[in-house]
Amino acid sequence: QYMLSNPGARGNEFRLGNEGTYAEAYFTGHVLKTSAAKDPFFDANLTFAYGAQMNSQYSDHPSIPDYASVVQAFAKGGNFDGLHFSAWAGKRFYRDVDLHMNDFFYFADMSGVGGGVEDIDVGNGTAAIALMQHSDNTVQKATNGIPSKQAIDLRLRDFHLFAHETLNFWLAAGYSAPGTGKKFNPPPTTGTGTPPAGSYDIPVDYEAGNGVAAGVRWRHAFDEKSRNDFAVMYGTGVMENFTMDNSVAYAQTGTKVNSRKRTRIVENPVFELEHWGISAGLVYEDADSGADSDSHSRWYSVGIRPIYYFTEHFHLALDRKSTRLNSSH
């Protein structure tokens, strides 16, 4: 069930035949259901995720059980009193397009907990603003409460250049506060199954962290089903990895988080023909971790996925990928 990828690579490389058992169940309650696009609406959304560890043939090892979690729980409503915008709050997938063959949401993936306003009509496209937060509750007894990263997210979506050309702009700024605390590192259990009380509190000292992320994605539509996406992104400090979750909630003193930076370029053409579907992905990243040594890395990834459609429901899909990760001082 373990995914194969290069250390430091940002996507699930070689996705076809390289994924564990995973499922999501989406539930939406229409408190106020709309019949037209600009009618008032209010929805409650809930998404459960399930993953099976599959450590044995028919059941899992008791020390590594299956898991179920809530990955989305948010409310969204809008178009009230003739004002055409929507507001949301909660935990949600707040992201843009993905490189599907890698399961890689490479552009503006700020999924997590927060709230914001979106679908604001600006004449040529729509605007959105959100405030997001990512916390780390493994640090306790902290001087400033549970350490967390705060970020403001600004987006301009579907800005039309010409009939078949659109741009999406993204800008995010993040901040994490300084402080001290203690991190609990669970040891191997004793014979009673209980670790010695208070023996594994590790002091943690962290400084103020900040950073920005910016990106633009250009889409060219060849026709109704075929298109090309090209994106360029740059991130620094606590926003260096372009996400909220799976990132630092605090800048530990001495790790030089504020010196981190990353450039990402992604090219993703998709073609839908009569009996064929063809998609390709090209990714380039140049990153600096800010460390004193081995701080610089480059990631290259090139892949193509042809799909032959026997019928509407029976397809044959193939993947061919080549990746490389280089590290240097």
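Leu154 is found in strand E8. Strands here (E, at least two residues) and helices (H or I, at least four) are DSSP runs, numbered from the N terminus. The model is predicted: local features need pLDDT of at least 70, side-chain atom pairs count only at pLDDT 80 or more, and totals for chains, interfaces and linings use all residues. Residues are numbered from 1 along each chain as its sequence is written, and side-chain values use heavy atoms, with hydrogens and water left out.

Leu154 is partly exposed, at a relative accessible area of 35%. Buried stands for under 20% relative accessible area, exposed for over 50%, and partly exposed for the range in between (1.4 Å probe, protein chains only). Leu154 belongs to a nonpolar surface patch with Ile129, Leu131, Ile152 and Leu171. Together these residues have about 410 Å² of accessible area. Areas come from the Shrake-Rupley method with a 1.4 Å probe; for residues, only the protein chains shown count as cover. Patch members have over 30% relative accessible area and no salt bridge; nonpolar side chains (Val, Leu, Ile, Met, Phe, Trp, Tyr) are joined within 5 Å, like charges within 9 Å. Strand E6 (126-135) and strand E8 (148-162) each supply at least two residues of the patch.

An open sheet holds 4 strands in the order E7-E10-E11-E14. Its pairing is antiparallel. Strand E7 (139-140) and strand E14 (251-252) stand at the edges. Each has a single partner strand, so one side of each lacks a neighbour in the sheet. Strands count as paired if DSSP finds at least two bridges between them. E7 pairs with strand E10 (residues 179-184) over 2 bridges, in the antiparallel sense. Within this pairing, Val139 has Lys183 of E10 as its bridge partner.

Charged contacts come next. Side chains of opposite charge can pair when their charged atoms come close. The whole structure contains 15 salt bridges, each defined by a side-chain nitrogen of Lys or Arg within 4 Å of a carboxyl oxygen of Asp or Glu. One of them joins Lys76 to Asp119, with the closest N and O atoms 3.7 Å apart. Lys76 sits in strand E3 (residues 67-78) and Asp119 in strand E5 (residues 112-121), so the contact ties together parts 43 residues apart in sequence. Lys76 is buried, at 17% relative accessible area. Asp119 is partly exposed, at 34%.

Glu118 bridges to Arg92, and the closest N and O atoms lie 3.0 Å apart. Glu118 is in strand E5 and Arg92 in strand E4 (residues 86-92), so this pair ties together parts 26 residues apart in sequence. Glu118 is buried, with a relative accessible area of 2%. Arg92 also counts as buried, at 11%. A further salt bridge runs between Glu285 and Arg262, where the closest N and O atoms are 2.6 Å apart. This pair links distant parts of the chain, with Glu285 in strand E16 (residues 276-288) and Arg262 in strand E15 (residues 261-272), 23 residues apart. Both Glu285 and Arg262 are buried. Shared partners join Lys76, Arg92, Glu118, Asp119 and Arg157 into one salt-bridge network.

Arg92 also lies over the face of Phe74, 5.0 Å from the ring centre. Arg95 lies over the face of Phe93, at 4.1 Å from the ring centre. The criterion places NZ of Lys or CZ of Arg within 6 Å of the ring centre and within 35 degrees of the ring normal.

The search for aromatic pairs finds 11 in the whole structure. Rings of Phe, Tyr and Trp (its six-membered ring) pair if their centres lie within 6.5 Å; planes under 30 degrees apart are stacked, over 60 edge-to-face, and the rest tilted. Phe104 and Trp299 have ring centres 5.9 Å apart and planes at 55°, so the pair is tilted. It links distant parts of the chain: Phe104 is in the loop between E4 and E5, Trp299 in strand E17 (residues 296-309), 195 residues apart. Phe104 is buried at 4% relative accessible area, and Trp299 is buried at 1%. Phe104, Tyr106 and Trp299 form one aromatic cluster.

Phe222 and Phe271 form a stacked pair, 5.4 Å centre to centre with 25° between the planes. Phe222 lies in the loop between strand E12 (209-221) and strand E13 (227-236), and Phe271 in strand E15, so the pair ties together parts 49 residues apart in sequence. Phe222 is partly exposed, at 42% relative accessibility. Phe271 is partly exposed as well, at 33%.
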